[in-house]
Amino acid sequence: DTVNTVFRLESAMKALGASVLCSSDFYQHLPAVPEFQDFGEIELKGKSKLVRVFGRPMSPLPSTTAPD
């Protein structure tokens, strides 16, 4: 079940705009991670209950425009 959850979280990363996601069960064992945000509860395929996820939002890409 753990491997399935990790696979589903990986699939949800792009949809949520996150570079890293983890379940609340895993997150509660981490030291404080200030750049992580609560993405709320999401539905994961194959899960009967919603899963609360935390993660790091993707940083916007740096501008490639040359200054004037």
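**Figure 1. T5 in helix α1 of the predicted model.** T5 is found in helix α1, where helices (H or I, at least four residues) and strands (E, at least two) are DSSP runs numbered from the N terminus. With a relative accessible area of 13%, T5 is buried; buried means under 20% relative accessible area, exposed over 50%, and partly exposed in between, with a 1.4 Å probe and protein chains only. Once neighbours within four places in sequence are left aside, T5 is in contact with L44 and K47, contact meaning heavy atoms within 4.5 Å. This is a predicted model, in which local features need pLDDT of at least 70 and side-chain atom pairs count only at pLDDT 80 or more, while totals for chains, interfaces and linings use all residues. Residues are numbered from 1 along each chain as its sequence is written, and side-chain values use heavy atoms, with hydrogens and water left out.

**Figure 2. The protein as a whole.** The protein has 2 helices and 3 strands, and from the N terminus on these elements run α-β-α-β-β. Of the 68 residues in the protein, 24% are buried. The protein exposes about 5400 Å², of which carbon and sulfur atoms supply 57%; accessible areas come from the Shrake-Rupley method with a 1.4 Å probe, and for residues only the protein chains shown count as cover. Among contacts between residues at least 6 apart in sequence, 43% join residues at least 24 apart.

Figure 3. The 3 strands form an open sheet in the order β1-β3-β2, with antiparallel pairing, two strands being taken to pair if DSSP finds at least two bridges between them. Because β1 (18-23) and β2 stand at the edges with a single partner strand each, one side of each is left without a neighbour in the sheet. From one strand to the next the twist averages 30°. Helix α1 (residues 2-16) packs on this sheet and touches β1, β2 and β3, its direction making about 135° with that of β1; axes are lines fitted to C-alpha atoms, for helices over the stretch in contact, and angles run from 0 to 180 degrees between N-to-C directions.

Figure 4. Strands of a sheet pair through backbone hydrogen bonds, either parallel or antiparallel. Here 5 bridges join β1 to β3, which run antiparallel, and V20 stands opposite R56 in β3. On the other pairing, β2 and strand β3 (residues 51-57) are antiparallel over 5 bridges, with Q37 opposite G55 in β3 and D38 opposite F54 in β3.

Figure 5. Not counting residues up to four places away in sequence, V51 touches S23, G40, E41, I42 and L44. S23 lies in strand β1 and, at 15% relative accessibility, counts as buried; with residues up to four places away in sequence again not counted, S23 touches L9, V51 and R52.

Figure 6. Side chains of opposite charge can pair when their charged atoms come close. The structure holds 1 salt bridge, defined as a side-chain nitrogen of Lys or Arg within 4 Å of a carboxyl oxygen of Asp or Glu. D38 forms a salt bridge with R52, the closest N and O atoms being 2.2 Å apart, and this pair links distant parts of the chain, with D38 in strand β2 and R52 in strand β3, 14 residues apart. D38 counts as partly exposed at 34% relative accessibility, and R52 is partly exposed as well, with a relative accessible area of 37%.

Figure 7. E35 is placed in the loop between α2 (24-27) and β2 (37-42) and, at 46% relative accessibility, counts as partly exposed. Leaving aside neighbours within four places in sequence, E35 is in contact with G55, R56 and P57. The C-alpha atoms of E35 and P57 are separated by 8.1 Å, although these residues are 22 residues apart along the chain.
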